[in-house]
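Work through the exercises below with the sequence and the coordinates at hand. Each task is followed by a solution in steps.

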Amino acid sequence: MTTQADLEAIHAKILAEPSDATARLAYADAALEVGGHDNEERAAFIHLMYEASRRHSQANRRKKAQRENYTVEGGSRVARALDKRDKTLRAAGEILARNE
């Protein structure tokens with residue numbers, strides 16, 4: 001059974017390491033065990049914020065992957081265009097060299 005002292009200990013850990021999602025989720029679960037209206041609301045809020053953060057991170061990873069794929073594909077198009085330009089310039093240089 002989780003006690004109020006356990007909640008306070010977990011809360012201290014959250015304050016020491018605010019980016020630790022595991023500690024926040026542990027706090028939420030412990031708050032539900034302790035019970036009480038305030039603890040239940042706090043636990044619900046923590047779970048909602050965690051889920052929102054997780055979905056936001058997934059969306060950012062998806063957007064980054066799309067940008068990287070576009071860059072790779074775009075880079076390939078650019079590389080092909082540059083190769084074509086270089087071949088054209090070499091051919092033009094050869095023609096000029098023959099005419100000299």
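**Exercise 1. Overall layout**

Among contacts in the protein chain between residues at least 6 apart in sequence, what percentage joins residues at least 24 apart? Describe also the secondary structure and the surface of the chain.

Solution. The model is a predicted one.

Step 1. For contacts that span at least 6 places in sequence, the share joining residues at least 24 apart is 30%.

Step 2. The protein chain holds 3 helices and 0 strands. Read from the N terminus, the order is α-α-α.

Step 3. The chain has 100 residues, of which 13% count as buried.

**Exercise 2. Salt bridges**

How many salt bridges does a search of the whole structure find?

Solution. 

Step 1. The search returns 3 salt bridges.

Step 2. Glu51 pairs with Arg54, with 2.5 Å between the closest N and O atoms. Glu51 also pairs with Arg55, where the closest N and O atoms are 2.9 Å apart.

Step 3. Arg54 and Glu51 both belong to helix α3, which covers residues 37-99, and are separated by 3 residues, about one turn of the helix. Arg55 and Glu51 are likewise both in helix α3, 4 residues apart, again about one turn.

Step 4. Assign accessibility classes, with exposed meaning over 50% relative accessible area and buried under 20%. Glu51, at 25%, is partly exposed. Arg54 is partly exposed too, at 33%. Arg55 has a relative accessible area of 54% and so counts as exposed.

Step 5. The remaining pair is Asp86 with Arg85, whose closest N and O atoms are 3.0 Å apart. Asp86 is partly exposed at 28%, and Arg85 is partly exposed at 46%.

**Exercise 3. Thr2**

Is Thr2 buried or exposed? Find the residues that surround it.

Solution. 

Step 1. Thr2 sits in the segment before α1, a helix that spans 4-16.

Step 2. The relative accessible area of Thr2 is 16%, so this residue is buried.

Step 3. Set aside the neighbours within four places in sequence. The contacts of Thr2 are then Ala30, Glu33 and Val34.

Step 4. With Glu33 there is also a polar contact: the side chains of Thr2 and Glu33 are joined at 2.6 Å.

**Exercise 4. Asn39**

Which backbone oxygen does the side chain of Asn39 reach? State where Asn39 lies and what it touches.

Solution. 

Step 1. Asn39 is located in helix α3.

Step 2. With a relative accessible area of 9%, Asn39 is buried.

Step 3. Its side chain reaches the backbone oxygen of Gly35, at a distance of 2.9 Å.

Step 4. Beyond the neighbours within four places in sequence, Asn39 is in contact with Gln4, Leu7, Ala31 and Val34.

Note on methods:
Residues are numbered from 1 along each chain as its sequence is written. This is a predicted model: local features need pLDDT of at least 70, side-chain atom pairs count only at pLDDT 80 or more; totals for chains, interfaces and linings use all residues. Side-chain values use heavy atoms; hydrogens and water are left out. Helices (H or I, at least four residues) and strands (E, at least two) are DSSP runs, numbered from the N terminus. Buried means under 20% relative accessible area, exposed over 50%, partly exposed in between (1.4 Å probe, protein chains only). Contact means heavy atoms within 4.5 Å. A salt bridge is a side-chain nitrogen of Lys or Arg within 4 Å of a carboxyl oxygen of Asp or Glu. A polar contact is a pair of N or O atoms within 3.5 Å; within protein, one must be able to donate a hydrogen and the other to accept it, and residues adjacent in sequence count only if both atoms are side-chain atoms.
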